[in-house]
Amino acid sequence: MSAISDVEWMAATARLAARAYPMCRPNPGVAALLVKDDRVIARGVTQAGGRPHAEAEALASVGGLGEGGAKGATLYVTLEPCAHQSTRGPSCTDLVIAAAPKRLVIGQTDPDKRTNGEGIKRIKAAGIAVSVLDDDASRVALKGFLARETLGRPYVTLKLATSLDGCIALADGSSQWITGDMARAHVHAHRARCDAILVGGATWRDDKPRLDVRLPGLEERSPARILLTRGIAPDGVRVINKPQQITALEDAQTLYIEGGALAAASFLELDLVDELHLYRAPIIIGAGKAALGDIGLGNLADAHGRWNLAEMQPLGSDTFTSYVRVR
């Protein structure tokens with residue numbers, strides 16, 4: 001039987017990272033696996049509030065494994081270990097060097113200028129072999145952090161729940177409910193993974209959405225509520241006046257947009273959407289409200305090649321499809 005590859009181990013590490021979100025904010029949700037003889041001997045994810053980091057969690061748990069701890073093992077980490085000192089704890093680069101694993105495999109280098117290659121350089125200088133995969137799995141796991149660091153804004157997911165003919169409501173605005181219970185639970189699970197959720201002013205006035213998480217045990221993971229309007233902020237809700245102001249949401253790595261049609265179109269027109277979540281119910285409405293307003297498309301050719309299919313699955317009688325923006 002062949003050994004498990006680095007790419008396969010990193011995919012497992014990236015799946016583990018999902019446990020960190022969104023409680024790890026303001027830090028990225030990093031995961032670490034310590035592997036020896038094709039067996040996981042320790043694991044860790046970034047903890048609530050951002051500390052301890054994933055590497056610290058994993059390495060702290062190998063003390064009871066006998067002589068050597070991490071020696072002879074391979075440490076898989078989705079993000080380059082931090083190299084800067086902090087009042088909240090030692091740098092992960094120093095922890096890795098002290099633990100002295102045989103190898104370190106990194107999913108993504110850290111674009112934070114305080115680390116950006118410095119961790120790799122110091123760990124290599126300590127005699128530890130380092131490989132950087134730059135793989136899709138770790139990139140997806142870190143998408144919010146990478147968007148914040150490289151684009152200066154949160155990673156934006158736009159959710160639309162429509163009929164087969166692309167309507168989000170009847171002509172009179174009635175929209176509860178287009179999709180079924182399973183699809184709505186799926187939406188709440190995505191809300192629970194995001195730092196902030198946004199709707200437009202018309203949706204806020206007409207639907208009076210709670211924008212919280214109503215899955216048992218996950219209620220405390222409800223995202224911060226953002227309203228796109230020129231009006232006054234309601235209690236407990238932050239207002240932005242135009243889509244570009246999401247750059248000011250400094251404590252948010254991920255933003256989930258739930259409508260309405262004009263708000264959704266405004267983000268698409270400005271090319272601020274990184275991922276589309278489409279929930280389609282097997283119904284036809286006809287003369288209803290369209291899912292989107294004008295997005296400024298002047299040439300049909302410009303609509304092609306912009307979105308890649310990422311996932312498709314049935315949710316009861318509904319269908320969920322996600323697409324990722326090609327950049």
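Me: Where is the place of P22?
Reply: In this predicted model, P22 is in the loop between α1 (6-17) and β1 (31-36). The peptide bond that joins Y21 to P22 is cis, with omega at about -5 degrees. P26 has its place in the loop between α1 and β1, and the bond from R25 to P26 is cis too, with omega near 15 degrees.

Me: Why is D37 called exposed?
Reply: The relative accessibility of D37 is 74%. Exposed requires over 50%, so D37 counts as exposed.

Me: How do you know whether L211 is buried or exposed?
Reply: Its relative accessible area is 3%. The cut-off for buried is under 20%, so L211 is buried. L211 is found in the loop between α8 (201-207) and β9 (224-228). Phi of L211 is near 55 degrees, a positive value in a residue other than glycine.

Me: Why are α3 and α4 called roughly parallel?
Reply: The axes of helix α3 (residues 92-99) and helix α4 (residues 118-125) cross at roughly 20 degrees. Angles under 35 degrees count as roughly parallel, so that is the term for α3 and α4. Their axes come within 10 Å, and the crossing is right-handed.

Me: What makes the contact between α3 and α4?
Reply: On α3 the residues are T93, D94, V96 and I97. On α4 they are G119, R122 and I123.

Me: Why is I128 called buried?
Reply: I128 has a relative accessible area of 6%. Buried means under 20%, so I128 is buried. I128 lies in the loop between α4 and β5 (129-132).

Me: With what is I128 in contact, leaving aside its neighbours within four places in sequence?
Reply: The contacts of I128 are V96, I97, A100, P101, K102, R103, L104 and I123. V96, I97 and I123 are also among the residues that make the contact between α3 and α4.

Me: What makes L146 buried or exposed?
Reply: The relative accessible area of L146 is 14%. The limit for buried is under 20%, so L146 is buried. L146 lies in helix α6 (residues 143-151). Not counting residues up to four places away in sequence, L146 touches P111, R139 and L151. L146 and D112 are 34 residues apart along the chain, and their C-alpha atoms are separated by 9.4 Å.

Me: How do you know whether A169 is buried or exposed?
Reply: A169 has a relative accessible area of 4%. Under 20% is buried, so A169 is buried. The place of A169 is in strand β7 (residues 167-169). Beyond four places in sequence, A169 is in contact with S174, S175, I178, I285, G288 and K289. A169 and A290 are 121 residues apart in sequence, and their C-alpha atoms are 7.6 Å apart in space.

Me: Which residues of helix α7 are buried, and what covers them?
Reply: In α7 (residues 181-191) the buried residues are A183, H186, V187, H188, H190 and R191. The cover over the buried residues of α7 includes β6 (155-162), β8 (196-200), β11 (254-257), β12, β14 (307-315) and β15.

Me: Why is the pair of Y279 and F320 called tilted?
Reply: A search of the whole structure finds 2 aromatic pairs. In the pair of Y279 and F320, the ring centres are 4.9 Å apart and the planes are at 40 degrees. Stacked needs planes under 30 degrees apart and edge-to-face over 60, so this pair is tilted.

Me: What does the pair of Y279 and F320 tie together?
Reply: Y279 lies in strand β12 (residues 275-280) and F320 in strand β15 (residues 318-325), so the pair ties together parts that are 41 residues apart in sequence. Y279 and F320 are both buried.

Me: How do you know that the charged end of R184 sits over the ring of W177?
Reply: The charged end of R184 is 4.5 Å from the centre of the ring of W177. The distance limit is within 6 Å, and the charge must also lie within 35 degrees of the ring normal. R184 is reported as sitting over the ring.

Methods:
Residues numbered from 1 in each chain as written. Predicted model: local features only at pLDDT ≥ 70, side-chain atom pairs only at ≥ 80, totals over all residues. Heavy atoms only, no water. Phe/Tyr/Trp six-rings, centres within 6.5 Å; stacked < 30°, edge-to-face > 60°. Helix = DSSP H or I, 4+ residues; strand = E, 2+ residues; numbered from the N terminus. Buried < 20%, exposed > 50% of the residue type's maximum accessible area, 1.4 Å probe, protein only. Axes fitted to C-alpha atoms, helices over the stretch in contact; angles between N-to-C directions. Parallel < 35°, antiparallel > 145°, perpendicular 65-115°, else oblique. Left-handed = near helix turned anticlockwise from the far one by under 90°. Contact = heavy atoms within 4.5 Å.
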